[in-house]
Structures are given as C-alpha cells and as structure tokens.
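Hi there,

Here is the structure I promised to pass on. Have a look at it first, and then read my notes below.

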Amino acid sequence: MLFTEYLPFVKGNSIICSITYWYHLVLSWQGKRQALFLLSAYFLPESPIMENKQKHRILIVDDRQDNIKVLGALLAQEEYLIHAAQNGVQASEVIKHITPDLILLDIMMPEMDGYELCRRLKNDSMTSDIPVIFISAKSEIEDEKRGLELGAADYITKPFSHAIVKARVKTQLALYEQNRRLVELNRLKDRFLAMAAHDLRNPLTIIKSFSELLLGSEGNAELNPKHKDYISTINNASSGLISLLNNLLDITTIESGKFHMDFKKGDIEPFIRERIEINRLNANKKNIVINEELFNVPDLFFDRDRINQVLDNLLSNAIKFSPKGSTVHVFLYNKGRKVFVNVRDEGPGISEENQPKLFGEFQKVGTKTTGGEKSTGLGLSIVKKIIEMHKGEINVVSTPGAGAEFIFSLPLS
Ligand SMILES: Nc1ncnc2c1ncn2[C@@H]1O[C@H](COP(=O)(O)OP(=O)(O)O)[C@@H](O)[C@H]1O
Ligand SMILES: [Mg+2]
C-alpha cells in the first residue's frame, strides 16, 4: 500500500524510485546504517531498474518531493533510470551504492546543500567525473558562477522549460559517454604501446649485442670492410630503435601516472662528470670539445637515473646539433635556494617561435643533426616531465645562429 503510493510513475520500463521515502520510513524505526542496507538491498542489484544496463542513471537531489516528481516524470519519458535523494547527506549515501551517470542538483537544501555536495563529489576521484547540473531557483549570476567554479557541468534556473532540461541532460550524458570512451581508448593505447615496446625490446637487444660482439676485437678479424660496414649499420639501427622504445615506454608510464621516482639526497656533481665522460665518446667523433665549469653545490634530493637521463639528453642534443670542431659548455652552480645546470652549444640555435614547442612530444623543429644521428623529438618532453617531478624548471635561451643553452634548476629542498 505504502509502496504503491510512492511509486506513482510507472511508465514503460522507467520507474521512479522514491528512495528518500523509504529512507525516512526505515530511518524512523531503525538505525541509519541498517536503513541504508535495507535500501540498497531493495533497490540493488536484484531491483528491476538494474535489468537494462545500457540505460543512464540520473540522480535527482532536491528537498522538495514535488520537484523530484516533476523532474523524474519528465526524464522518465526519455527512458532514464531515476534515483532520488532529498539532501546532500542522503545523496552521498545513495552514491555509495549506485554510480549515477548524471546528477541534477538543487542548491538550497537542509543538512548538506548542493554546493557542498558538488564540492565533495568533485574532490573524490571516484565521483569527480560524474556531470552535475544545478537546478535552482537561485538565479543570481554569482550563484551560477559559484556552481560552475565548483565543477558543475551546467546550471538551469527554475522555473525551467521541459525541453531545455531534456536537451541539457542529453548533451551532458553524451559528453560524459564520449569522455569515458576517450579515457578507455587512451588506456588501451598506453597498454598497447607498453606491450609493443616491451616485446620489441628483447629481440632488438639481442640484435644489438650480437652485432657488438661481431664488431668487437674477436669477431672483427674475420670480417672484411664491407661486412664490418653492414654490421655497424645493423648496430646503429638497433641502438636507435632501443632508445626510441625506451622513450615510448617512458612517455606511456609518465602519462599513466606510474613513472616511479626514487629520490635520494646527495651531490649531483659526480653524476654530471660521469655523463660528460660518457657523452665525450660521441663528441670526440665530431671533434667537439666539452668544457665543464662545475662549482661545489649543496647536496640535494634527486633521482639518479632520471637526472642521468636528463643530462644525457641535453648533452646528446648539444653534440648532435653542433657543427664539427665546436665546443659544448656545461655549468653547475647554485643561486638562492636552487641548483642550476646549463648546457650551452655553438650550434644553429632555435628560433623564438620554436622554443616553446621543443618540450612537447614528438616535436622536432627542423634542426638537422650534424653527424647522421637519429632524432625522434621525444627526449625533451621526457626531460621536462622529470624536472617537473623534481619540482624544478627547465628553459631554453637561444639566438638563432649563435647556439642554444638549456638551463634546468632543482630546488634545494
Ligand atoms: N641543442 C639544440 N640545438 C638545436 N636544436 C635543438 C637542440 N636540442 C634540441 N633541439 C631541437 O629540439 C628537438 C627536440 O629535441 P628532443 O626532444 O631531445 O628530440 P630528439 O633528440 O630526438 O631530436 C630536436 O629535434 C631539435 O629540433
Ligand atoms: Mg634528444
């Protein structure tokens, strides 16, 4: 009897469930926890409204039953699944049991108002993506602004036109769906890239190692110059592919937020010296001199491997874009509460227009390498991410034709 009284809208497959009514009814003679348990047990998951999983769930939060009825009946015509709550506290409880695809939210309500509920939803990663549309009689521009600032997707003022409510709900649901699909596709892309890079790396490492063996002193004796040439081409190509795959793996782990950093306190100078020595081998091939001026700096927190990666990329860029016989300068010093590392070259430099683009993924700005080195345009985007994860900064200063200088700084905790 009571049940039918509060289920007045049974239209086709759409049912308006007056959760609030049951909530209050049960609450009056049982504890709050038990009330919610009973509610969820009644409506989930055996509830008829779960039958069609394709349907969008809309949660209407309004302290007035008549508003819930009007909105509910209106949206039930569109075959949505409707849930209801009478204030922010109830809505929060409902959301623990069902995940709505959209929330229509009144502002002025007892216990917890719409603004507060919206703020909480947007601060919780589980609910932050659910679009919220405020439906309120408060029609001041400031109210609307506040709602949108809190992360609401839209704002409709009462009295509302039925057509507008339907249209805006439809639009927000379509955007929500599209967004979900994009997130899913992005995840798939990351997984695919990570898998491909991982599975390709092993055979490539084998090719690289065996070509190195053949080029090494033992294998070398039996090779004629032509064969040596072929094998060195195989070696270069496999090295290039391995570093491309490593970069791709880095980009995907950075994007998925799983880029692990291992900060330790220490002196950065020995690492800079080591990377200079390693890169000097390639510099020597082009008669490029690396000049270092490394001042003593205080210890700082940094991830060794990642900072090595940064140094390698800046040094290898300076070497590969510089003319033969030029000089690359490396500086280390501290100023204020920061440690600075500068890598300066005498290459072609980078135009002002291109400077901001350099740190984007796959950005090559037309600079030619001077010794046939490979270029993918991924290095600096990874460098920037690594520096940012150290709460540092990286910038480039360059006058085209007069070289480029990359400067990064790391904070002294
Ligand atoms: N020292 C430099 N001098 C001139 N151009 C540079 C220098 N460093 C980077 N660039 C430009 O920035 C682009 C991006 O660099 P990076 O992300 O390290 O990729 P990659 O090294 O694979 O080319 C390079 O392709 C080049 O066009
Ligand atoms: Mg590079």
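A term to start with: helices (H or I, at least four residues) and strands (E, at least two) are DSSP runs, numbered from the N terminus. Keep in mind that this is a predicted model, where local features need pLDDT of at least 70, side-chain atom pairs count only at pLDDT 80 or more, and totals for chains, interfaces and linings use all residues. Residues are numbered from 1 along each chain as its sequence is written, and chains are lettered from A and ligands numbered from 1 in the order in which they are written.

Most residues other than glycine have a negative phi, and most peptide bonds are trans. Glu79 sits in the loop between helix 4 (65-76) and strand 4 (81-85), and its phi is positive, near 65 degrees, though it isn't a glycine. Lys391 also has a positive phi, about 60 degrees, without being a glycine; look for Lys391 in the loop between helix 13 (379-389) and strand 13 (393-398).

How open are these two spots? A residue is buried if 20 or more other C-beta atoms (placed from the backbone) lie within 10 Å of its own, exposed if 12 or fewer, and partly exposed in between. Glu79 is partly exposed because 14 other C-beta atoms lie within 10 Å, while Lys391 has 11 such neighbours inside 10 Å, so Lys391 counts as exposed.

There's a cis peptide bond too, from Lys158 to Pro159, with omega near 0 degrees. Pro159 belongs to the loop between strand 7 (154-157) and helix 8 (162-215).

Next, the sheet. Two strands pair if DSSP finds at least two bridges between them. Five strands form an open sheet in the order 9-11-12-14-13, with mixed pairing. Strand 9 (289-294) and strand 13 are at the edges with a single partner strand each, so one side of each has no neighbour in the sheet. Strand 13 pairs with strand 14 (residues 404-411) in the antiparallel sense, over six bridges, and Ile394 stands opposite Phe408 in strand 14.

Last, the ligand. A residue is near a molecule if its C-beta atom, placed from the backbone, lies within 6 Å of it. Ligand 1 has 20 residues around it, and the closest are Asn317, Thr367, Ser375, Gly379 and Leu380. Helix 12 (304-320) and helix 13 are the elements that give two or more residues to this shell, and helix 12 gives the most, with three.

Cheers
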